[in-house]
Amino acid sequence: MRCVGRVYAFGVAVAVVMNGSPPAIADPLTDLLPAASQLSGGAYPEKFLYFSGFDLWRSGGSLYGGLQWASAGLNNDGFILKLLVAEGSYRYLAGSTSIQGTGLLASVLPGWRVKRNDSEIKLFAGLDLQNHRLSPDDPANSLRGNHAGLRVGADLWWEPTPALMIASSVSGSTIGSNFSIRGAAGWRVMDRFWAGPEAETSGDQVYRQYRIGAHITSLKWSVFEWSLGAGYVEDNSQRSGFYGRASLLTRR
């Protein structure tokens with residue numbers, strides 16, 4: 001069986017965003033955004049970050065949403081909790097038969113945030129639940145049905161200068177042994193958003209996908225922040241094309 005599609009739940013983003021098993025849903029890349037630098041309501045720090053988005057390419061796509069809760073505030077070190085729900089679609093070949101898959105994901109990810117000077121890192125680990133439905137059914141696919149596993153992830157944000165940012169994320173799940181790794185750099189544009197190149201690789205034991213493109217991050221409008229990305233995608237099943245993604249977040 002040979003997979004020819006990928007599901008995104010990356011990061012994040014992730015996200016997002018992966019033979020015998022179809023690609024599993026990866027973390028969105030929303031966590032690669034810097035925490036809020038001002039307080040909401042005067043004396044009280046913002047504790048909730050709500051995010052949603054989608055990711056598309058010609059062989060698959062996904063929608064996702066969720067939230068982060070920081071007990072000490074989004075701009076402070078300490079415990080954080082991320083809740084993520086996502087649905088994605090993908091296609092792969094089982095012999096000469098084209099299989100359409102749909103994956104559902106729900107993750108509960110406790111974590112910890114550490115900020116030092118101009119750098120920030122978030123670490124997550126927790127329960128990962130997935131359901132995969134196939135049409136037509138493929139009994140040889142080990143991911144069909146319901147599964148529970150462990151998901152881990154790490155997100156880094158660094159601003160070496162006021163005009164430059166570097167971001168990266170790593171995510172993986174024991175379900176399907178899938179992984180996703182993304183890196184991005186950006187320059188401050190008109191003091192309104194970051195823009196620059198991004199690259200990503202993802203997959204499992206057999207399948208690999210590679211992306212290279214450009215992003216716009218933290219484009220603020222009212223109480224919302226947009227992030228956009230687009231570029232070229234190719235996998236080891238000789239499929240290629242263009243991808244596009246968009247995400248939206250707000251803090252409370």
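Which residue forms a salt bridge with Asp77? Arg116 does, with the closest N and O atoms 2.7 Å apart. The views below start with the whole chain and then return to this pair.

This is a predicted model, in which local features need pLDDT of at least 70, side-chain atom pairs count only at pLDDT 80 or more, and totals for chains, interfaces and linings use all residues. Residues are numbered from 1 along each chain as its sequence is written, and side-chain values use heavy atoms, with hydrogens and water left out.

**View 1. The whole chain has 13 strands and 0 helices.** Helices (H or I, at least four residues) and strands (E, at least two) are DSSP runs, numbered from the N terminus. Of the 252 residues, 50% are buried. Buried means under 20% relative accessible area, exposed means over 50%, and partly exposed lies in between (1.4 Å probe, protein chains only). The accessible surface of the chain is about 10,900 Å². Carbon and sulfur atoms hold 63% of that surface. Accessible areas come from the Shrake-Rupley method with a 1.4 Å probe; for residues, only the protein chains shown count as cover.

View 2. Two strands pair if DSSP finds at least two bridges between them. β3 and β4 run antiparallel, joined by 11 bridges. Here Ser62 stands opposite Gly88 in β4. β4 and β5 also run antiparallel, with 17 bridges. Leu83 stands opposite Val108 in β5, and Tyr92 has Ile99 as its bridge partner. The β4 and β5 hairpin has 2 residues between the strands, and Gly95 takes a positive phi near 70 degrees.

**View 3. Strand β5 pairs with β6.** The two are antiparallel over 15 bridges. Gln100 has Ser135 in β6 as its bridge partner. In this hairpin, 2 residues lie between the strands, and Asn117 takes a positive phi near 55 degrees.

**View 4. The largest nonpolar core has 12 residues.** A nonpolar core is a set of buried Ala, Val, Leu, Ile, Met, Phe, Trp, Tyr and Cys residues joined through side-chain atoms within 4.5 Å. Among its members are Leu49, Phe51, Tyr64, Leu84 and Phe124. β2, β3, β4 and β5 each give two or more residues to this core. β4 gives the largest share, 3 residues.

**View 5. Asp77 and Arg116 form a salt bridge.** A salt bridge is a side-chain nitrogen of Lys or Arg within 4 Å of a carboxyl oxygen of Asp or Glu. Asp77 lies in the loop between β3 and β4 and Arg116 in β5, so the pair ties together parts 39 residues apart in sequence. Asp77 is partly exposed, at 33% relative accessibility.

**View 6. Glu198 and Arg182 form another salt bridge.** Their closest N and O atoms are 2.6 Å apart. Glu198 sits in β10 and Arg182 in β9, 16 residues apart. Glu198 is buried, at 6% relative accessible area. Arg182 is buried too, at 5%.

View 7. β6 and β7 each give two or more of its residues. Trp158 is in β7 and is partly exposed, at 39% relative accessible area.
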